[in-house]
Amino acid sequence: MFNLILFGPPGSGKGTQSEKLILKYGLKHLSTGDLLRSEIAQQSVLGMEAKKYMDQGQLVPDEVVVGMISSAIDQNQSVRGFLFDGFPRTAAQAQSLDELLKKKQAPINVMLALNVSEEELIKRLMKRGETSGRSDDTNEAVIRARILEYHKKTTAVADYYNQFDKVVLIEGEGGIDTIFEKLCAAIDARI
Ligand code: B4P
């Protein structure tokens, strides 16, 4: 198995690049943001609980997202590998993921970390908000709250994988195809 984490602040291109990477490498895409939005669309209890946090730009509690990822891993037994998009987002989530993958004897191979300036992130997310219908993309205060959560809680995930020498930094500004080529080169060097 080849397991990859695509990491970066909100709006850094994780979702955009994931779509291209899963096609090229045949990985199973697991996006906690997509899974949560699907729960909201179904108006499930989990979805309604998660929406309260997401609408304010806060992270959903660890136990909720870890439970979701755990079932998604169990439901995909014979895949070539997973592309984790937007997960883990806290150090506790990273430890839980390592434990889940230990059972499969298939650890994380690499974490690719997209680097994008704050002004560019806000610009991209406000633009997406014009068409996406995502309530967390239309309000600049909520976008700034998401970026603050990233600095407070999520950057610790990079520190966690850095100790195992698994992090590769990728410049995340520029054309989508150029960034994709850089991501592919980093994967090809480790696959
Ligand atoms: P996510 O769904 O993960 O969304 P995101 O971080 O906002 O977006 P992403 O980074 O994937 O967007 P992309 O750059 O592709 O999270 C949403 C919320 O769910 C979180 O705030 C949180 O509340 C909750 N959540 C999710 N996972 C969680 C977890 N593990 N723990 C707790 N809570 C969790 O796209 C942005 C825009 O930029 C697009 O419009 C795109 O077209 C554009 N773009 C992309 N690349 C570009 C480029 N190179 N140049 C110009 N524009 C570009």
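## Helix packing, ligand site and backbone exceptions

The model is predicted: local features need pLDDT of at least 70, side-chain atom pairs count only at pLDDT 80 or more, and totals for chains, interfaces and linings use all residues. Residues are numbered from 1 along each chain as its sequence is written, and side-chain values use heavy atoms, without hydrogens and water.

**The helix pair.** Helices (H or I, at least four residues) and strands (E, at least two) are DSSP runs, numbered from the N terminus. Helix 2 contributes T32, L35 and L36 to the contact, and helix 4 contributes V65, M68 and I69. Contact means heavy atoms within 4.5 Å. By class, this contact has 5 nonpolar residues, 1 polar and no charged ones.

I40 also lies in helix 2. Leaving aside neighbours within four places in sequence, I40 is in contact with G47, M48, K51 and M54. The C-alpha atoms of I40 and K51 are 6.8 Å apart, with the two residues 11 apart along the chain.

**The ligand.** The ligand is surrounded by 30 residues, each with a heavy atom within 4 Å of it. The closest are G13, T32, R37, Q58 and R146.

| Residue | Ligand atom | Distance |
|---|---|---|
| G11 | oxygen | 3.1 Å |
| G13 | oxygen | 2.3 Å |
| G86 | nitrogen | 3.1 Å |

Taken alone, the ligand exposes 1,000 Å², and the protein buries 88% of that. Accessible areas come from the Shrake-Rupley method with a 1.4 Å probe.

**Backbone exceptions.** Most residues other than glycine have a negative phi, and most peptide bonds are trans. The peptide bond from F87 to P88 is cis, with omega near -5 degrees. P88 sits in the loop between strand 3 (82-85) and helix 5 (91-103). Q105, a residue other than glycine, has a positive phi, near 50 degrees. Q105 lies in the loop between helix 5 and strand 4 (108-115).

Key:
Nonpolar A, V, L, I, M, F, W, Y, C, P; charged D, E, K, R; others polar. Polar contact = N/O pair within 3.5 Å; in protein donor to acceptor, adjacent residues only side chain to side chain.
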